[in-house]
Each structure stands twice: as structure tokens, then as C-alpha cells.
Amino acid sequence: MQITFAKAVLPQDGCVVFLIAEGAKITGILSALNKKSKGHVSRAMKAGQFKGDSGQYIGLVAPSGTRLSKVILYGVGKKPENLSSKAFEEIGGRLSARLAADGVKAATVLVEPVKGSALTEQEAAAALGLGALLRSYRFHLYKTKGKGAFKPSLSKLTIATGDPAAARKLFRPLHQIADGVFVTRNLVSEPANILFPGEFANRAKHLTELGVKVEILGEKQMKELGMGALLGVGQGSAHESKLVTMVWNGAKDPKARPVAFVGKGVTFDTGGISIKPAAGMEQMKWDMGGAGAVMGLMHALAARKAKTNVVGVIGLVENMPSSTAQRPGDVVTSLSGQTIEVINTDAEGRLVLADALWYTQDTFKPQLIIDLATLTGAILVSLGQEYAGLFSNNDELADRLLAAGDSVGEKLWRMPMGPVFDKMINSQIADMKNVGGRYAGSTTAAQFLKRFIRNVPWAHLDIAGMAWSEKDRPTVPKGGAGYGVRLLDRLIADYYED
Ligand code: BES
Ligand code: MN
Ligand code: ZN
């Protein structure tokens with residue numbers, strides 16, 4: 001969808017939308033239109049009991065006295081002073097979906113009637129544009145018939161505001177962030193026969209066009225390095241495992257210690273020899289959601305030229321059962337030197353991350369490290385599809401992540417860790433085992449990762465409940481959600497840029 005900004009005047013023709021706050025006052029341009037149409041607007045509001053409730057929608061067709069095709073009154077459900085940027089994003093998302101459902105192809109939205117929030121009108125306009133854009137995403141690469149039906153019918157949204165040039169300028173980085181979210185959604189949506197580790201790595205190479213340095217390690221190199229944990233997971237697959245590093249140096253000091261992001265990239269998780277049940281297994285194509293988020297984030301940061309040094313590292317493997325697959329009971333030696341007894345081959349994400357985390361610390365000496373992974377089904381039991389699980393060894397980092405999540409609407413909930421959980425993964429014959437028993441499954445997984453963290457602030461985000469959305473949300477259509485990109489972009493913008 002094309003988002004443009006224009007001057008706050010009543011358009012001559014076409015479809016125009018007025019956002020109306022709680023209390024539904026007719027002022028400014030809307031009041032002029034009301035006069036022109038001899039009270040059509042006020043009569044319609046009265047007849048339709050329009051109070052400006054959230055999502056309330058009245059469409060006036062071809063009001064007389066004008067050449068407009070449609071005038072839409074759209075309730076935002078809040079007083080202007082209570083509208084945050086998140087609220088404007090959600091309004092933009094909901095409105096664009098409503099317009100699309102109504103068959104509207106192009107519309108102009110006037111922000112003026114809800115002026116008076118803590119944001120400037122331009123900030124509100126830009127946030128509205130971001131929400132609309134994010135909601136308009138579709139993945140229809142494999143539809144060979146009736147393509148049009150899968151595109152949102154709304155193809156152009158013009159946002160009318162006092163200073164369109166200023167709004168355009170604010171929207172630019174938001175658009176770049178949305179592009180990053182779309183990179184992630186595209187990756188997450190791809191089927192696993194198309195997106196295997198090598199193909200994922202190839203797509204990462206495109207980041208070089210934005211100035212990101214991309215390096216790809218294959219199995220031979222990883223074997224020489226000693227990444228026995230990661231390689232064990234991929235050894236049953238016909239596809240070669242890969243480790244991709246992406247480096248963005250945007251800080252004034254190119255040697256400043258980077259912020260590191262590490263992603264689980266299991267392009268398909270059958271469970272391996274500890275095979276998963278058939279029902280729902282197709283969902284395991286998005287078991288690379290952590291890696292997808294890291295790549296989308298690198299896209300966003302590089303595109304908007306973030307003034308910071310960042311590295312992204314993703315471990316890419318396919319977890320398959322075969323005669324070469326690893327067995328339950330196998331012992332592998334990780335890059336850190338620590339040995340792991342693989343009790344359950346379906347607890348594979350932590351094995352991939354163990355080596356990716358160690359490699360990242362060794363190679364880049366980051367100032368802090370954050371990993372994202374669709375790691376446990378247990379986090380869905382705990383937090384459903386509303387919060388990602390946050391595990392951290394550092395309160396300051398955890399609080400910053402919680403704040404960033406709140407402001408962009410990608411919510412996190414901090415989960416407990418501690419020695420009592422750590423001892424649940426002690427093994428009889430190796431340094432540790434890869435599962436901790438029936439209880440506290442998300443925490444024991446996090447404790448496992450912590451054994452591969454040296455003395456550095458670290459956070460682990462378990463996004464198993466967030467990478468895929470089973471329903472439409474205001475700014476996330478059903479499907480690959482792109483969770484994590486906006487959260488971590490905001491974390492960087494608020495705390496780690498020059
Ligand atoms: N990829 C899964 C976790 C998952 C489950 C992600 C549902 C998204 C939706 C992970 O590799 C896994 O299989 N975890 C096991 C761990 C268990 C064997 C200790 C799980 O959660 O059952
Ligand atoms: Mn698994
Ligand atoms: Zn998995």
C-alpha cells in the first residue's frame with residue numbers, strides 16, 4: 001500500500017475519512033463540510049448514534065453539495081489527550097482493514113479532528129501511516145489464481161495534516177522499519193522446502209546492498225571451529241547447516257563494542273528422532289522466527305542508518321529424522337568445550353543457540369547480547385499469544401526491553417531464573433542435558449542458554465507464542481507476525497545510539 005501525506009484541506013473528490021474522538025465533536029474542516037452538505041454530517045451522526053466509540057464507522061455516500069464519493073466518520077474511542085503513538089498505529093491498522101473490507105481503493109484521512117494528543121499532528125500522522133502499512137501486508141507468493149483477491153483493495157492512503165513535509169520526514173524511518181518487519185514476515189511465511197538453511201543464508205546476503213557485512217559459515221568451517229552442538233542438530237538433514245553473521249557499523253567509533261542479536265533458525269523442526277506428532281507439525285516451518293527477526297532487524301537498522309554498532313548471528317539448521325540423525329542419549333561437545341547429553345532431539349533450539357551464542361561472544365565481544373527463539377511450547381502455556389517470555393541476567397537490560405515492548409506493542413513478560421532451575425539440567429554423564437523434566441520448561445531452557453553466557457548482560461526472548469499470529473490484530477494480519485523487529489529497533493533507538 002502506498003502511504004502519502006497531503007495538506008489538511010477537504011479533497012475535491014474521492015473518499016475522505018474523519019477520525020472522531022470520544023464525544024464526537026464537529027469542528028474545523030468537518031464543520032465546513034457539514035455546512036456545505038446542509039447538515040448531512042450532523043444528522044447522520046445523530047441518526048447513527050455516533051459517539052466516537054472505537055471502530056464506530058459511518059459511511060455517507062456522495063453527500064450533496066460536494067463531489068466526494070464517500071465521507072467516513074471513524075471513531076477512535078478515546079479522548080485526544082489519551083492517544084499515544086501506539087494508539088495511532090492501531091487506529092491506522094484498524095481503519096485500513098475496515099476500508100479494505102468496504103472495497104475502498106483510495107482514501108484521504110484527516111487527522112485534524114483528533115488534534116490535542118501528547119503527539120504533534122505530524123507524529124500522529126506518521127504513526128497512523130505505519131499502522132496502516134503494517135496491517136496491509138499479505139503473503140501470496142504461491143497463489144496462482146485470483147491474485148487480486150489476496151491483495152488489500154485499499155491501495156492508496158493519503159494522510160492529511162498541517163505540515164505534510166514534516167510528517168513525510170517522520171514517516172521515512174518508520175517505513176524502513178516496516179520494511180524490516182516485512183523481511184521477517186516473508187521469511188517466516190515461506191515453506192521449508194523453499195527456505196532451507198542455504199536459501200536463508202542467500203537471502204541474508206542481500207543485506208550487503210544496505211551496507212551490512214555478511215559472512216556465511218558452512219559445515220566444514222563450523223566443524224573446524226568445534227560447533228558440535230549446532231552440527232548435531234543438522235546432521236540428519238540433506239541440507240547443509242549454516243551460520244550467518246551480519247555486521248552493521250553505524251556508530252561514530254567503528255570499534256565501539258556492538259550490541260549482539262542471536263537468532264534460532266530451525267528452518268523445519270520435525271523433532272528429529274524424538275519426532276513430533278503429525279497434527280500441527282506444519283507450523284514448524286516458522287521455527288526460524290528468531291533468526292527471521294534478527295535479519296529483519298538488521299534490515300531496519302541498516303536502512304535507517306542507525307548510529308550504532310550491531311551484529312546479528314543466526315544459526316540455520318533443519319531438524320530431521322534419518323539414519324544420520326543424532327539419537328537420544330548422544331553426547332555432543334559444544335564450541336564452549338562443555339558437553340551435552342541430548343536426551344530429547346526435539347529440544348534442538350538450545351543446542352543451536354549454545355554454539356551461536358558462544359561464537360558471538362568470542363568473535364565480537366559485544367557489550368550485551370540478546371537472543372530470540374521459538375524455543376518452547378511451554379511459553380505458550382505460560383503466556384499464550386500475548387507476551388513473549390523474557391529471561392535475563394541483568395535488571396537494567398530487562399527493564400529497557402520491557403519499556404521498549406510497551407511502547408511498540410510487542411509485549412514481554414519477565415520470567416524467573418535461578419540455581420534451583422539450573423540444577424534440573426545436570427546430567428549424570430556429561431556437563432548438562434538438554435531437557436530438564438516436566439516442569440518449568442521455558443525456564444530450564446533459559447538456564448541451559450545461560451550456561452553459554454559469559455560475564456555480559458544477556459536477555460533471552462522466547463517468542464514461540466508470538467512469531468505467528470493466529471488472528472488478525474490491529475497492525476498484524478493473521479500469519480507471520482514479524483515480532484521482535486520493532487521491539488529491538490526501539491530498544492536500540494532509545495538506549496544505544498550515538
Ligand atoms: N520449536 C519447538 C518449540 C515450539 C513449540 C515453537 C510450539 C513454536 C510452537 C522446540 O524446538 C521444541 O520442540 N521444544 C520442546 C522442548 C521439549 C522437548 C523439552 C517443546 O516445547 O515441547
Ligand atoms: Mn523442537
Ligand atoms: Zn524447535
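Which helix gives the most to the lining of the second largest pocket? The answer is H3, with 3 residues. This is a predicted model, in which local features need pLDDT of at least 70, side-chain atom pairs count only at pLDDT 80 or more, and totals for chains, interfaces and linings use all residues. Residues are numbered from 1 along each chain as its sequence is written, chains are lettered from A and ligands numbered from 1 in the order in which they are written, and side-chain values use heavy atoms, without hydrogens and water.

**The manganese site**

- Donors are N, O and S atoms within 2.8 Å of the metal (3.2 Å for Na, K and Ca); water is not among the atoms, so sites may look incomplete.
- Helices (H or I, at least four residues) and strands (E, at least two) are DSSP runs, numbered from the N terminus.

**The zinc site**

- The zinc ion (ligand 3) has Lys264 (NZ), Asp269 (OD), Asp287 (OD) and Glu348 (OE) as protein donors, lying 2.0 to 2.4 Å from it.
- Its 6 donor atoms subtend angles of 77 to 173 degrees, which makes the arrangement octahedral.
- The donor residues of the zinc ion (ligand 3) follow the spacing K-x4-D-x17-D-x60-E.
- Asp287 lies in the loop between E9 and helix H9 (289-303), 18 residues from Asp269.
- The zinc ion (ligand 3) and the manganese ion (ligand 2) are 3.2 Å apart, and Asp269 coordinates both.

- Asp269 counts as buried, because its relative accessibility is 2%.
- Asp287 is buried too, at 2% relative accessibility.
- Asp346 is partly exposed, at 21%.
- Buried means under 20% relative accessible area, exposed over 50%, and partly exposed in between (1.4 Å probe, protein chains only).

**The pockets**

- The largest pocket holds about 660 Å³ of space.
- A pocket is an open set of points on a 1 Å grid over the protein atoms alone, where a 1.4 Å probe fits, with protein on both sides within 12 Å along at least five of seven lines; lining residues have an atom within 4 Å of a point.
- A volume is the space filled by probe spheres set on the points, which are joined across faces, edges and corners.
- Of the 30 residues that line the largest pocket, Lys276, Leu375, Thr376, Gly377 and Ala378 lie nearest its centre.
- E9, H10, helix H11 (378-383) and helix H14 (441-450) each give two or more residues to that lining.
- The second largest pocket holds about 480 Å³.
- Its lining has 23 residues, with Gly409, Glu410, Arg473, Thr475 and Val476 closest to the centre.
- Helix H3 (85-101), helix H5 (164-189) and strand E18 (468-469) each supply at least two residues of the lining of the second largest pocket.

Conventions:
Four donors count as tetrahedral if all angles lie between 85 and 135 degrees; four count as square planar and six as octahedral if opposite donors are over 155 degrees apart and all others between 65 and 115; anything else is irregular.
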